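Have a look at the model below. We'll walk through a few of its pieces together.

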Amino acid sequence: MGLRHLARRGAAPVTRTLAGLPGGIVTKRRGRGSEPEDVRLWAEGDDRRHIDRNATARTGQLHVRTHHDERDRAVILLADFRPSMLFGTKRTLRSVAAAEALALLGWRIVADGGRVGLAVATASGEPTVLRPAGGERAMASVTGALAVAHAQALDAARAEDPPLEPLLGIATSLLPSGGHLVIASALDAPGPNFERLLGLVAERVSVRLLLVSDAFERARRPGFFPFALSDGRRGSLRADGTGEQMLDARLGDYAARGIAGLRLDVEAGPEAYAPLMERLDAVL
């Protein structure tokens with residue numbers, strides 16, 4: 001909830017929400033649109049079909065009425081809280097970094113009149129799903145659902161990561177054609193058909209990816225590193241020094257398929273995420 005103040009720092013000082021329904025925002029489109037916007041004096045080249053009879057009769061000079069079109073911006077935030085995301089070596093867990101970034105983006109969207117929904121992947125129980133809605137009340141529901149789902153994920157017994165494919169289908173079904181899906185995940189073990197399904201989803205809605213990365217994954221120093229878990233288990237992780245290049249190459253591969261993405265470094269924190277989410281919000 002506190003991140004809404006950080007999200008607003010970069011928000012536009014005046015939001016133009018002229019549409020009659022919540023969530024409408026003005027965009028440039030071809031054609032005259034359907035919503036009246038302004039009345040001005042006739043200028044050479046104006047279409048005579050747009051003449052405003054009332055203003056012309058009242059002033060004795062030709063006036064034309066301009067229009068704008070409206071669009072309902074709906075965004076689903078997909079958070080990955082599966083066991084592989086409950087890991088971190090600096091500042092916090094990958095799952096927490098994903099939630100922070102999505103919350104920042106969500107507050108920006110509702111401040112601009114858009115609608116925000118949520119889908120959360122965990123290893124236990126049914127997925128958390130919220131339909132897109134507008135306003136601060138909707139975003140408060142999203143943040144509360146994120147907190148509850150994350151607490152349940154931490155309390156659940158360790159298990160293998162379930163595939164992301166079913167939740168991807170559910171999240172897409174909540175969006176109208178032309179909606180937006182933002183996925184925050186490290187995409188570990190997403191499922192055998194995930195890439196194919198993601199390509200199909202991208203044909204119907206706009207898909208953006210926040211690829212979450214822990215500092216250990218990008219470690220330049222190769223070697224084996226021991227670890228201990230709270231349940232007493234011990235082991236070691238291997239770093240080969242190529243993690244950063246692999247992450248950037250993965251983002252490049254998605255971009256080549258029309259799925260733009262950003263790398264989210266866990267250790268950076270919300271202050272660094274805010275300008276990234278501002279950039280992402282600008283293209284949604």
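This is a predicted model: local features need pLDDT of at least 70, side-chain atom pairs count only at pLDDT 80 or more; totals for chains, interfaces and linings use all residues.

## Around strand 5

Residues are numbered from 1 along each chain as its sequence is written, and side-chain values use heavy atoms, leaving out hydrogens and water. Helices (H or I, at least four residues) and strands (E, at least two) are DSSP runs, numbered from the N terminus.

| Pair | Direction | Bridges |
|---|---|---|
| Strand 4 (residues 74-80) and strand 5 | parallel | seven |
| Strand 5 and strand 6 (residues 128-134) | antiparallel | five |

To get from strand 4 to strand 5, the chain goes through helix 3, making a right-handed β-α-β crossover (clockwise from the first strand over the helix to the second, with the strands pointing away from the viewer).

How many residues of strand 5 are buried? Seven of its seven, where buried means under 20% relative accessible area, exposed over 50% and partly exposed in between (1.4 Å probe, protein chains only). One side has Arg-115, Gly-117, Ala-119 and Ala-121, and the other has Val-116, Leu-118 and Val-120.

Helix 3 is tucked away too: 16 of its 18 residues are buried, so the rest of the structure largely encloses it. After helix 3 comes Gly-113, with a positive phi near 90°.

Methods
Two strands pair if DSSP finds at least two bridges between them.
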